[in-house]
Amino acid sequence: MLKKYMKTASVIGLAFAGSLLFVAAAKKTITIKGSDTLVILAQRWAEKYMQSHPEVVIQVTGGGSGTGISALINGTTDFANASREMKKSEFNKLKQRFNTLGNEIKVAKDGITVYVSQSNPVKELSIAQIRAIYLGEVSNWKDLGGPDAPIVVYGRENSSGTYVYFRDNVLGGKDYMSSMQSLPGTAAVVNAIVKDKNGIGYGGAAYAEGIKIVNVKKDDSSPAYAPTLESIKNSQYPIARYLYMYSRAKPTGAMKEYIDWILSAEGQELVTKVGYFPVN
Amino acid sequence: MLRKLMIALPVFFAVIFGQESDNAAVQNESNNNSSSEKIAELEGKVNGLEESYLETKATVSKLARLKVSGYLQAQWAHAETLGVSTSKAGAKFDKGTDNRFFVRRGRIKFNYNNGLSQYVLQFDASSGGFEIKDAYLSFKEPWLKNFTATMGIFDRPFGYEISYSSSMRESPERSRVYQTLFPKEREIGAKLAFSADQGIASFFNLKAGIFNGVTTLQLDNDDSKDFIGRAGFEIPLRNAGMGIDGGFSTYLGKVTNTDTNATGITKGAAYEMYGEVFKRMTGQKGKEFNRQYFGLDLQYYLDIPVIGGLTLRGEYLWGVQPGTSSSSSFYQPSSGGAPHGAVYSRNFSGAYLYWVQCWGTKVQSVIKADYYDPNVDVEKHDIGVSGSGTGIADIAFKTAGVGLVYNWDANLKFMFYYDIPRNEKSFNLTNKDPYKNFSRDLKDNVFTLRLQYKF
């Protein structure tokens, strides 16, 4: 019986080896999925890279950091873009499925930007004030030096890495107020604020057009900073974070070449052009 | 006349154009009013839609907390001979057949997660019937978010292989030692777990609980509860592309002897090993006997560039198992005074080792070896000696297995696996029934072809 199955196994083995050769000969495709914060930058990188490397096809999609990380664990993407760190439980799933530890690459820096309407007179907020707004403890702009008007709170959906980062680092891990309007993507948050003079939202610095950026201070006694290259580089802006690309294992071949290019001066120049901040 | 005409014409045109101009103004005003009404109407509709959207969104957000997942394993198994009943490869065969199709597992799991608390209910519908697998609630403390309390039916917190999901495992079944010591893997009880995401504490984890100790479906018959726990560590060395995890587990429990065979002064018998024979003790009915397991487990992960990840998983278990004369499975006390046998206490040991290699993202190969010696105090031809009380339940098994897993996509996977068990042999266990003749190695190799769909 064993001999019979050995013969079958040999046939399967040959077929497998043949398919590996076929795959090796095919055009190199790199799939990238995840963070909506990173998606514009990732698309710019891909477009620029493919111009000089026509033998490589790079497919970029958004969906949120959680979606990208799930795809990485399922084996349906090569890189997961994330605006938060991968959790221990996610690394463990990767270990179970692929026997790998996962690989984290910091590709850019971002200051989480707090947006209000251009007509809103409020210029700066402390972390404590922002927390109070998003927990529903402060609900009128007049309590923050603004007009007597209700605060309309906008945020991201829970598959977003920005949602998680903001909750963990600004709200101290507490849940958002239940009446927060969750929107799919930072662009949607910005659009909402443009139309809503009483609105407040948060998102990546690269999206901040048509709205007013609120300067943020660590506490009441600290100076307030805008998310600029200088304030983020000097760690003065209190809600700055890294943006990441995760792979299952250390990248090799075309994947490694692409990451090396992203971290090069050319790749990091695009980071600045899009509105984020280089890692070094 | 001409002069009159010269005066009349401008007046006439002034009146006509004046009227037209008035008409146009009226028309414009009317159009403006109409547009304003339309805009107001559209605004009303948009506001209505927005309200409706928010209501729907609130409902969808609540529903998003409910996750439904599941998997189904349908398989074909082919045994070396007709009627193999000793296999632990997932299939039993009737005497007239050496191959069969069946559904090994059909799971559906409902998980409502509210962030800090969750409710889990999992069912299994397979060729073996329908049963509840998981039914528990758990909640995380809100301050550090490192401690989680759980109560209900859930995996026993022992070792590594129990908590490694059947949907992820690269072989059809768990090793023989786990199948024997932890049937159904789950138990009713309460546990506390510690796991940190960051800092030095993230290198350690702990889970421990108190359980009835009589499996998930049976009524508990005593006040003695069993303690099960595991203290583990995780060392991710990402820069080196490797990781080492491991842990020490213990099971400290007792079973109550409900023997109904011996009556009168000798009410209730129990047996313990003295040398290579079981010694009978009387007057043991209602007395408690130790069920004590200890285990060490280790997992090693290595990223191999270009090829894929490798893992070596091993575990060694030892301890005391209260069983019966015919089985080394744990002693399940009788409920309601039904006829029941005596407790046979055995010192056991067992181990397994997996070598799993990923080939790219689709293919995994596995080589697995395990052994289980239900009674380390007696071996080979000393088993089954007349008057020793030993027999088939004391036979040790070593099993080798080799397999290939192909992950078609994120949902579907194929598994090809060949299981080769080798049993301990004893001249004293010669039997005309070829399925019980342990004087030779039983012909019980099994090939399994499994299709799994997971969502």
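Biologist: How far apart are the C-alpha centres of domain 1 of chain A and domain 2 of chain A?
Modeller: They lie 27 Å apart. Domain 1 is 26-110 + 241-274 and domain 2 is 113-238, with bounds from an automatic or database domain assignment. This is a predicted model, where local features need pLDDT of at least 70, side-chain atom pairs count only at pLDDT 80 or more, and totals for chains, interfaces and linings use all residues. Residues are numbered from 1 along each chain as its sequence is written, chains are lettered from A and ligands numbered from 1 in the order written, and side-chain values use heavy atoms, leaving out hydrogens and water.

Biologist: How much area do those two domains of chain A bury between them?
Modeller: About 1100 Å², 53% of it on carbon and sulfur atoms. That's accessible area (1.4 Å probe) lost on putting the two parts together, summed over both.

Biologist: How many salt bridges across that domain interface?
Modeller: The rule finds 1, counting a side-chain nitrogen of Lys or Arg within 4 Å of a carboxyl oxygen of Asp or Glu. As for salt bridges, the side chains of A:D36 and A:R156 make one at 3.3 Å, N to O.

Biologist: OK, switching to the two chains. How many residues does each give to the contact?
Modeller: Chain A gives 29 and chain B gives 48, with contact meaning heavy atoms within 4.5 Å. The chains bury about 3100 Å² between them, 55% of it on carbon and sulfur atoms.

Biologist: Which residues of chain A lose the most area to chain B?
Modeller: A:K88, A:N99 and A:L101, together 23% of what that side buries. A:K88 also forms a salt bridge with B:E234, with the closest N and O atoms 3.5 Å apart.

Biologist: Now chain B: how do strand 1 and strand 2 run?
Modeller: Antiparallel, joined by 13 bridges, with strand 1 at residues 66-79 and strand 2 at residues 99-113. Strands pair if DSSP finds at least two bridges between them. B:H78 has B:N99 as its bridge partner in strand 2.

Biologist: What do strand 2 and strand 3 of chain B form?
Modeller: A hairpin with 3 residues between them, and B:G115 in the turn has a positive phi of about 90°.

Key. Helix = DSSP H or I, 4+ residues; strand = E, 2+ residues; numbered from the N terminus.
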